[in-house]
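Let's take a friendly walk through a protein model together. Keep the sequence beside you and look up each part as we come to it.

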Amino acid sequence: MAVRAAIIGLGRWGQRLVNSIERSGKIRIVAGVTRRVERAQGFAFAKGFPLGSDYAAVLADPAIDAVILATPHSLHADQVVAAAAAGKQIFCDKPFTLDKPSAERAVGAAKAAGVTLSVGFNRRFLPGMEELRRLLADGSLGTLLHAEANFSLSAVGRYDDDSWRLDRAEAPGGGLTGAGIHLIDAMIDLMGPIASVYAQSTSEVLRQIDDTTSVLFRFESGASATLSTLLATPLYFRFHLFGSAAHAELRGPDRLEVTRAEGVAPTVTDFPAIDLERAELEAFADAVEGRATFPVGADQAIHGAAVFEAIIRSAASGQPVAVA
């Protein structure tokens, strides 16, 4: 039986999540909640589910098993706590929360209620990321030394002027909040806990939020990393791991190049594109039904929020900040 879910937030991304599972046998949308019902009423009608603006009513409905949160970031913690209290299973799109205390509060509420809480870092499901995980596990890269990463896109003309995604309170650090956070999660997954960060963030083109953010990381393992993310340049994605025996670069979401010796051509693997949103939501359904464990652990979600909080503090102060 498919998990019966309500989509909370039906902007561009919420609609994309709904579309991704339209033909899924594991999870289906049976209701929706959004702040501006008139903007999404036609979409909900076409998809065959009722749409309203009352989150509490959805939480009180026994015919709804789960909620999928595609809402402003600052609302996530309170929405998770309320859903947990109502006994609903919870999928929360990234970023989880904007600071460590709220992340701990949300995770604690889900644990106390005994409900599933999954955070939607969909790049975990890229076949190239899975291959990087395998290369690290079998020692092919040797000792992991450093990572370089970039996830950029253009927000120019992408959102309405009144979009919450252009609100500095919802997107501190600019593109780091919505895009670069994926690569922070990848670093935590593949390289372990982050000990400290040193960040800078500026606005050169956009007037509402920062469009150019860069971060230097130090890991508890001793490894280092750099991350840059921009909101005023064409789409770009790269994640590059450097080890003592080889280095491996995910160039775009689907091409992995592994270099094992100087002067020797890299091994290139092109992976088929997959629907990442469907993959993460079906993995959530599997976790709800007890078929599998969702790949993003609660401790990693909390640590990611702590790293994000430290980055914002570092960018504001111009100083390195230890991750609490």
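Start where two helices meet: A77, D78, V80, V81 and A84 in α4 are in contact with S102, R105, A106, A109, A110 and A113 in α5, contact meaning heavy atoms within 4.5 Å. Helices here are DSSP runs of H or I with at least four residues, strands are runs of E with at least two, and both are numbered from the N terminus. Two packed helices are described by the angle between their axes and the distance between the axes. For α4 (residues 76-85) and α5, the axes come within 9 Å and cross at roughly 10°. Because of that angle, α4 counts as roughly parallel to α5 (angles under 35 degrees are roughly parallel, over 145 roughly antiparallel, 65 to 115 roughly perpendicular and the rest oblique). The axes are lines fitted to C-alpha atoms, for helices over the stretch in contact, with angles from 0 to 180 degrees between N-to-C directions.

A word on how to read all this: the model is predicted, so local features need pLDDT of at least 70 and side-chain atom pairs count only at pLDDT 80 or more, while totals for chains, interfaces and linings use all residues. Residues are numbered from 1 along each chain as its sequence is written, and side-chain values use heavy atoms, leaving out hydrogens and water.

P95 sits between β5 (89-93) and α5 (100-113), and a cis peptide bond with omega of about -15° joins K94 to P95.

Which residues have the most contacts inside the largest nonpolar core? They are M129, I184, V197, F217 and F239, in a core of 108 residues. Such a core is a set of buried Ala, Val, Leu, Ile, Met, Phe, Trp, Tyr and Cys residues joined through side-chain atoms within 4.5 Å; buried means under 20% relative accessible area, exposed over 50% and partly exposed in between, using a 1.4 Å probe and protein chains only. Helix α7 (residues 175-191) gives this core its largest share, ten residues.

M129 is also one of the buried residues of helix α6 (residues 127-137), together with P127, G128, L132 and L135. Among the elements covering these residues are α7, β11 (232-243), β12 (247-251) and β13 (255-259).

Next, find the open sheet, where nine strands run in the order β14-β13-β12-β11-β7-β10-β9-β8-β15 with mixed pairing. Strands pair if DSSP finds at least two bridges between them. At the edges, β14 (267-270) and β15 (321-322) each pair on one side only. β15 pairs with β8 (residues 194-202) in the antiparallel sense over two bridges, and S196 stands opposite A322 in β15. Helix α9 (residues 298-317) packs on the sheet, touching β8, β9 (212-219) and β15.

A polar atom of the T213 side chain lies 3.0 Å from the backbone oxygen of G173.

Terms used:
A polar contact is a pair of N or O atoms within 3.5 Å; within protein, one must be able to donate a hydrogen and the other to accept it, and residues adjacent in sequence count only if both atoms are side-chain atoms.
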